[in-house]
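I opened my notebook to look up the disulfides in this structure. Here is what I jotted down as I went.

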Amino acid sequence: MRSLIAIGQLLAATSLLNLASAKPLSNIETRWGKKSIKPKVFIINMFPPEGDAWYGIPEFNLLAKNITVPGISPIYPDVHCTADEEVCQIVTGESEINAANSINALTFSSLFDFTTTYFFIAGIAGINPKVATLGSVTFAKYAVQVALQYEFDAREIPSNFTTGYVPQGSTSPNEYPQSIYGTEVFEVNDALRQLAIGFAQTATLNDSSAAMAYRAHYATTNAYKAGSEGPSVLGCDVATSDVYFSGALLSEAFENTTKLYTNGSGVYCTTAQEDNATLEALLRGAIANLTDFSRIIVMRTASDFDRPYIGESDNVADANLQNLFYANQGGFEPAINNIYLAGIKVVEGILNGWDSTFQKGIPAPNYIGDIFGSLGGKPDFGPGSMFNDNPVKKRSQKGRNAARGYPVTS
């Protein structure tokens with residue numbers, strides 16, 4: 001909900017006051033010298049309320065060290081670390097551009113050694129009531145860039161189209177994209193995800209009376225039964241879009257995109273603005289042997305529903321307005337609280353099992369990486385695995401021009 005973003009902006013001032021107590025770090029020696037900071041866990045948050053969830057907690061003090069990193073957000077220019085440098089945190093700024101730039105600058109900074117670091121994306125998100133409810137904690141296997149498509153105004157679409165979104169290079173909504181950019185889908189380590197789910201399931205999740213009241217409305221629709229139940233910890237996938245959307249038609253369109261892009265195995269669950277951008281930056285770090293892509297966890301907690309309940313208003317347009325702007329869904333505070341309540345179990349699980357399990361890494365039983373297979377292996381999504389065994393190829397500029405009908409020169 002846009003109103004929730006406004007709340008977050010109001011809280012930003014409080015965050016800055018909290019950060020004022022962070023201890024400056026001086027005389028850092030880079031990896032090109034004797035020492036660089038080598039975290040075991042690196043928490044990635046997107047805006048201040050998510051970051052604030054980790055401050056003032058009993059387990060550790062993330063504000064013990066304050067490291068200014070060139071190239072990350074000018075609004076949030078510091079990385080914060082515990083005194084022993086085992087756990088660090090960044091606030092990237094919201095949207096794909098901010099996340100990509102901040103994580104790229106972080107990844108390639110000579111101040112850190114990330115070769116054995118577990119990156120823990122921990123943020124709030126919209127939620128699909130077919131899958132889960134407000135306050136739920138989700139862990140993704142896939143991140144799908146659902147808005148990387150052609151778009152027609154829904155009032156002007158052909159009669160045989162169900163949506164105005166058409167995959168790049170294709171001519172209908174249900175055709176796999178023929179023009180591949182490389183950031184459409186990322187897949188992370190499912191064995192690590194299952195361990196994270198197990199850790200998080202030991203947490204007692206937060207809820208609110210307002211969330212209980214609001215989610216009860218979804219019980220009248222059988223398809224939304226999960227949305228009417230209490231918060232839980234589960235595995236399902238994240239859709240990335242800079243556009244903050246609301247409504248059943250767009251949500252169902254992006255649910256179909258998620259299934260299409262993952263060859264039917266992805267479960268559209270949460271909606272966010274950053275994850276594909278963050279994962280692309282971490283993947284480029286892995287290509288340069290600076291990060292380990294098998295050590296990534298994507299956790300999103302549910303702050304608001306992606307669509308109104310049936311009957312929220314007599315008019316569909318009014319229902320969408322209520323859902324996005326005005327309804328007191330009550331999910332923001334539980335979602336923020338559950339970032340810490342579930343997230344701390346994941347962080348402690350990694351730290352406590354470092355010597356026995358996590359230091360050496362968790363072997364991935366599944367493919368990990370992007371649609372290009374940039375890190376090796378064969379993607380289990382996309383044309384390479386389902387469509388006539390025709391592997392995705394990175395198109396040259398000549399190929400892109402030909403696909404778009406532009407003149408092609410030799």
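**Disulfide notes**

I started with the pattern: counting bonded cysteines along the chain, the disulfides run 1-2, 3-4. For me a disulfide is a pair of cysteine sulfur atoms within 2.5 Å. By that rule I get two disulfides.

Before going on, I noted that this is a predicted model, where local features need pLDDT of at least 70, side-chain atom pairs count only at pLDDT 80 or more, and totals for chains, interfaces and linings use all residues. Residues are numbered from 1 along each chain as its sequence is written, and side-chain values use heavy atoms, with hydrogens and water left out.

**Cys 81 and Cys 88**

I found a disulfide between Cys 81 and Cys 88, S to S 2.0 Å. I looked up its handedness too: the link of Cys 81 and Cys 88 is right-handed, with 105° about the S-S bond. Are these cysteines buried or exposed? Cys 81 is buried (under 20% relative accessible area; exposed is over 50%, partly exposed in between, with a 1.4 Å probe and protein chains only), at a relative accessible area of 0%. Cys 88 is buried as well, with 0%.

**Cys 236 and Cys 269**

Next I checked the disulfide that joins Cys 236 to Cys 269, S to S 2.1 Å. This pair links distant parts of the chain, 33 residues apart. Cys 236 sits in the loop between β11 (233–235) and β12 (237–240), while Cys 269 is in strand β13 (residues 268–272). Strands here are DSSP runs (E, at least two residues), numbered from the N terminus. I have Cys 236 down as buried at 1% relative accessibility, and Cys 269 as buried at 0%.

Methods
Helices (H or I, at least four residues) and strands (E, at least two) are DSSP runs, numbered from the N terminus.
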